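Colleague: Before we discuss the fold, could you put the model on the screen, so that we can go through it piece by piece?

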Amino acid sequence: MRLTHPRCKVRELPALRTFTSARRTSWSRWIHERHSSTSTPESKVPKMPTWESIAESQLPPPTKVSPDLVDKLERLALVDFGSKEGVDCLEKAIRFADQLHVVNTDGVEPMDSVLEDRALYLRADAVTEGECAEELLTLAKNTIEEYFVAPPGNIPLPQREESPAHSEL
Amino acid sequence: MLGLSIREVSQALKEGRLSATELCRKCINQIERTRFLNAYITITEEQAMEQAQRADDRLRTGKPLGSLDGIPFSVKDNFCTENIETTCASIMLKGYVPPFNATVVQKLLDQGAVLIGKNNLDEFAMGSGSTDGAFGPVRNPWSYAASYREQSRGDPDSDWVIAGGSSGGSAAAVASLSSFLALGSDTGGSTRNPGSLCGVVALKPTYGLVSRHGLIPLVNSMDVPGILTRSVHDAAIVLRTLQGQDEKDSTTVQAQSTPHSIPEDFDIRDMCVGLPKEYHAPDLSKETLAQWSRVADMFEKAGARVREVSLPHTQHSIVCYHVLCCCEVASNMARFDGLEYGHRSAVDSSTDAMYATTRHEGFNNVVRRRALSGNYFLLKQNYERYFVKAQQIRRLIAEDFKRVFSSGVDVLLTPTTLSDATRYSDFIQEDNRTRSTQDDIFTQPVNMAGLPAITLPTGISHRGLPISLQLIGQTLQDWKLLTVAHWLEQQVNFPMIRFHGDSNEREVERSVSERTHITGL
């Protein structure tokens with residue numbers, strides 16, 4: 001069985017392809033393959049990859065993550081980027097996500113859940129369990145009586161230049 | 001006896017040819033012998049032996065709790081287990097001992113099944129290799145199979161292949177015969193991917209058919225508990241036990257009436273099998289493609305109608321999944337703040353500083369980066385451009401499936417992964433994000449649409465590793481899917497793992513000769 005390797009590879013952005021050209025190209029290749037191949041002709045498994053690459057020009061300009069944005073995201077997520085590599089990783093993640101924009105979604109309703117078309121089960125509005133406060137409080141590291149104990153509030157995180165996570169940025 | 005199916009071993013228990021304590025002891029011993037696989041985070045030996053003892057008491061008096069009474073099982077360590085540590089393979093939850101059982105765990109215990117341990121995974125189930133957890137990577141048992149070792153000249157300690165992920169520990173446990181069934185979770189392929197690479201049966205049920213209560217959430221609108229077993233019939237037994245509405249999970253749906261077991265009088269000629277052309281993705285390995293063709297031909301020769309179909313949005317699905325997953329991760333990970341449970345940093349200068357350092361110390365890079373990306377996509381100025389856009393594409397993907405199934409297709413046949421298992425040393429050359437976007441290509445569209453899917457091994461690659469294929473069914477048609485999978489399983493007759501004989505330092509040999517003696521392999 002002769003199986004040709006995909007000729008068109010985009011390692012960085014494996015989903016960068018369009019439909020119109022996909023259909024055209026794969027069809028012509030498939031014909032070519034059928035004529036030139038000695039593989040079992042009856043097999044209905046497609047012989048060639050149908051994905052097509054999308055040119056950089058079809059994407060919006062790449063996003064550069066500014067130090068201010070780094071700061072904002074770290075405060076929102078309450079985790080730090082750790083290093084320049086962490087910021088690079090976000091830029092790559094955004095670039096990957098930019099491929100969404102090649103798909104036409106005009107007039108398409110967003111979908112939150114596959115159960116959107118059925119009524120979710122509602123149980124009777126009655127207490128069925130509880131009295132477990134003590135049990136739950138034992139899971140916390142720091143409690144007083146029946147309270148979770150937090151350090152002093154309303155103190156903002158240190159400014160960017162004070163934070164060690166930014167030293168590399 | 002460890003290689004027997006659930007049905008066979010359950011029969012032996014009922015007839016008194018075998019005791020539950022004896023069986024439990026053998027499984028614990030097998031875990032110890034295969035410790036180097038790192039498939040388990042916690043072994044619950046003491047509780048398991050007590051449970052097995054109680055199962056024996058019931059079996060002796062002829063009053064078993066159910067079809068799983070006395071059967072040892074293991075659970076991915078992101079399902080809550082009462083009084084047993086549940087870590088998600090993260091420092092964040094190290095030492096966390098839940099006060100309750102996940103519904104799926106409780107249902108198995110109620111049937112008399114014996115919990116022997118908690119399986120290793122990628123931290124918070126984020127990954128496709130089971131290489132990114134706080135307790136180290138899981139090794140694929142096939143790395144120590146005769147078929148692999150005979151071709152590999154490498155040292156068994158460095159030349160081994162990944163188990164897949166994120167439920168790699170669960171798949172490795174079932175494949176290495178230490179557990180008869182394991183629970184995994186499947187958000188974008190996390191049960192099917194390792195099931196596929198470890199050569200076991202892995203079922204992702206319809207979204208909502210099996211309760212998520214007690215499964216620590218990753219992506220709420222896609223998470224489904226998964227079932228890993230060594231045969232389709234065993235998976236059906238377990239699904240029967242687990243399925244159905246749960247008042248603790250409002251997203252569960254009522255199971256349709258299901259047959260007692262997989263129907264034997266089924267005729268494959270009544271089935272229409274679709275081959276989605278977009279599942280020939282770039283980088284699909286020649287061998288996997290060859291398996292796909294071989295099995296498609298198998299269906300056709302047996303009289304099934306086989307035809308090419310199109311799911312045009314397939315190639316965009318992984319991008320869409322990437323965005324939706326990061327967004328839900330950003331939201332779901334917000335619960336871990338150090339106050340109520342889990343890790344808490346010693347920093348006590350302010351609440352925010354305590355939160356930030358707790359999360360810095362508790363999460364690995366993968367979790368932190370997904371949370372940061374999610375927060376970016378959810379920013380007010382990006383919300384429509386990324387999050388809503390991805391939700392729109394999600395609908396297009398779900399509609400692709402609907403269209404194909406309403407055209408008369410019963411099941412879809414596709415590859416599960418691009419190739420057989422990658423060597424660990426090669427796998428870690430790329431980061432987790434890149435790997436997940438390559439490895440989840442064929443599995444995550446199903447999660448977008450909430451459909452049931454099953455993967456089973458159909459052949460062995462030239463490297464001596466399993467190659468598996470995936471069958472996808474219509475929503476809530478899990479039993480039809482299992483029926484077709486059962487038919488296919490009988491046609492391909494995939495061999496059971498045979499460990500390499502001369503690795504005496506690992507004592508694998510002893511387990512192999514023991515198993516060989518019993519199963520006559």
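This is a predicted model: local features need pLDDT of at least 70, side-chain atom pairs count only at pLDDT 80 or more; totals for chains, interfaces and linings use all residues.

Modeller: Residues are numbered from 1 along each chain as its sequence is written, chains are lettered from A and ligands numbered from 1 in the order in which they are written, and side-chain values use heavy atoms, with hydrogens and water left out.

Colleague: Which strands of chain B stand at the edges of the sheet?

Modeller: Strands are DSSP runs of E with at least two residues, helices runs of H or I with at least four, both numbered from the N terminus, and two strands pair if DSSP finds at least two bridges between them. Eleven strands of chain B form an open, mixed sheet in the order β1-β3-β2-β4-β6-β5-β10-β11-β9-β7-β8. Two of these strands have a single partner each, so one side of each is left without a neighbour in the sheet: β1 (40-43) and β8 (305-309).

Colleague: At what angle does helix α13 of chain B run to β9(B)?

Modeller: Axes are lines fitted to C-alpha atoms, for helices over the stretch in contact (heavy atoms within 4.5 Å), and angles run from 0 to 180 degrees between N-to-C directions. Helix α13 (residues 383-406) of chain B lies across β8, β9 (411-415) and β11 (466-472), and its angle to β9(B) is about 125 degrees.

Colleague: How many residues apart are the parts that Trp142(B) and Phe494(B) tie together?

Modeller: Rings of Phe, Tyr and Trp (its six-membered ring) pair if their centres lie within 6.5 Å, with planes under 30 degrees apart counted as stacked, over 60 as edge-to-face and the rest as tilted; the count comes to 14 aromatic pairs over all chains. Phe124(B) and Phe336(B) form a tilted pair, 5.0 Å centre to centre with 55 degrees between the planes. Trp142(B) and Phe494(B) are also a tilted pair, at 5.8 Å. Because Trp142(B) lies in the loop between β3 and α5 and Phe494(B) in the loop between α17 (478-492) and α18 (508-519), the parts tied together are 352 residues apart in sequence.

Colleague: What share of the residues of chain A count as buried?

Modeller: Buried means under 20% relative accessible area, exposed over 50% and partly exposed in between, with a 1.4 Å probe and protein chains only. Chain A has four helices and two strands, and of its 169 residues the buried share is 40%.
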